[in-house]
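I opened a structure that was new to me and kept short notes as I went. Here is what I looked up.

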Amino acid sequence: MISMLDRDMSGTLGFNEFKELWTVVNGWKQHFVSFDSDGSGTVDRQELEKALMAMGFRLSPQAVTAITKRYSTQGKIAFDDYIACCVKLRALTECFRRRDATQQGFVNFHYDDFIQCVMSI
């Protein structure tokens, strides 16, 4: 999470960077609660899919299922795991968009570039 908002690349968060992180986390909390339709304190696969769509992610049902499997316990995603999921999706999306020059949803990665991208998250 720190690297996501470490604008000056210092490895730490300054006050303004921390304020931005706090705002992002609070936004995710509000978002999480709004999609936890049964008030269970978790989101299931269908609730996650709606939440991701509302955030602008256009993912296949297979991708949502894979994300759910990765971040859930018995099909339910707790808030901490929801945050981890959002951080990962945001970072991967930013990495992808930097390389998608035509903004068509397609990129070519060299293996080394791919590894650097996923390891920086």
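**Notebook: first look**

I started with Val24, which counts as buried because its relative accessible area is 17%. My cut-offs: buried is under 20% relative accessible area, exposed is over 50%, and partly exposed is in between, with a 1.4 Å probe and protein chains only. Val24 belongs to helix 2, residues 15–35. I also checked Val24 against Ile83: 59 residues separate them in sequence, and their C-alpha atoms are 9.9 Å apart in space.

A note on the source: this is a predicted model, in which local features need pLDDT of at least 70 and side-chain atom pairs count only at pLDDT 80 or more, while totals for chains, interfaces and linings use all residues. Residues are numbered from 1 along each chain as its sequence is written, and side-chain values use heavy atoms, with hydrogens and water left out.

**Overall layout**

I looked up the secondary structure next and found six helices and two strands. Read from the N terminus, the order is α-α-β-α-α-β-α-α. Helices here are DSSP runs of H or I with at least four residues, strands are runs of E with at least two, and both are numbered from the N terminus.

Of the 121 residues in the protein, 32% are buried. Then I looked at contacts, meaning heavy atoms within 4.5 Å. Among contacts with a separation of 6 or more, 45% are between residues 24 or more positions apart.

Where does Gln74 lie? I found it in the loop between helix 4 (61–71) and strand 2 (77–78). Gln74 counts as exposed because its relative accessibility is 79%. Its C-alpha is 9.3 Å from that of Asp44, which is 30 residues away along the chain.

Gln103 also has a positive phi, near 55°, and is not a glycine. I placed Gln103 in the loop between helix 5 (79–99) and helix 6 (111–119). Buried or exposed, Gln103? It is exposed, since its relative accessibility is 51%.

Lys50 sits in helix 3, residues 45–54. At 53% relative accessibility, Lys50 is exposed too.

**Rings**

A pair of aromatic rings is described by the distance of the centres and the angle of the planes. Rings of Phe, Tyr and Trp (its six-membered ring) pair if their centres lie within 6.5 Å; planes under 30 degrees apart are stacked, over 60 edge-to-face, and the rest tilted. How many aromatic pairs does this rule give? I got four. One of them is Phe109 with Phe114, an edge-to-face pair at 6.2 Å centre to centre and 80° between the planes. Phe109 is partly exposed because its relative accessibility is 31%, and Phe114 is partly exposed at 38%. Elsewhere, ring pairs join Phe32, Phe79 and Tyr82 into a cluster.

I then looked for charges over rings, where NZ of Lys or CZ of Arg must be within 6 Å of the ring centre and within 35 degrees of the ring normal. The charged end of Lys29 sits over the Phe79 ring, 4.6 Å from its centre. Arg70 lies over the face of Tyr71, 4.6 Å from the ring centre.

**A lining**

My last stop was the second largest pocket, whose lining includes Met55, Phe57, Leu59, Leu89, Thr93 and Arg97. A pocket is an open set of points on a 1 Å grid over the protein atoms alone, where a 1.4 Å probe fits, with protein on both sides within 12 Å along at least five of seven lines; lining residues have an atom within 4 Å of a point.
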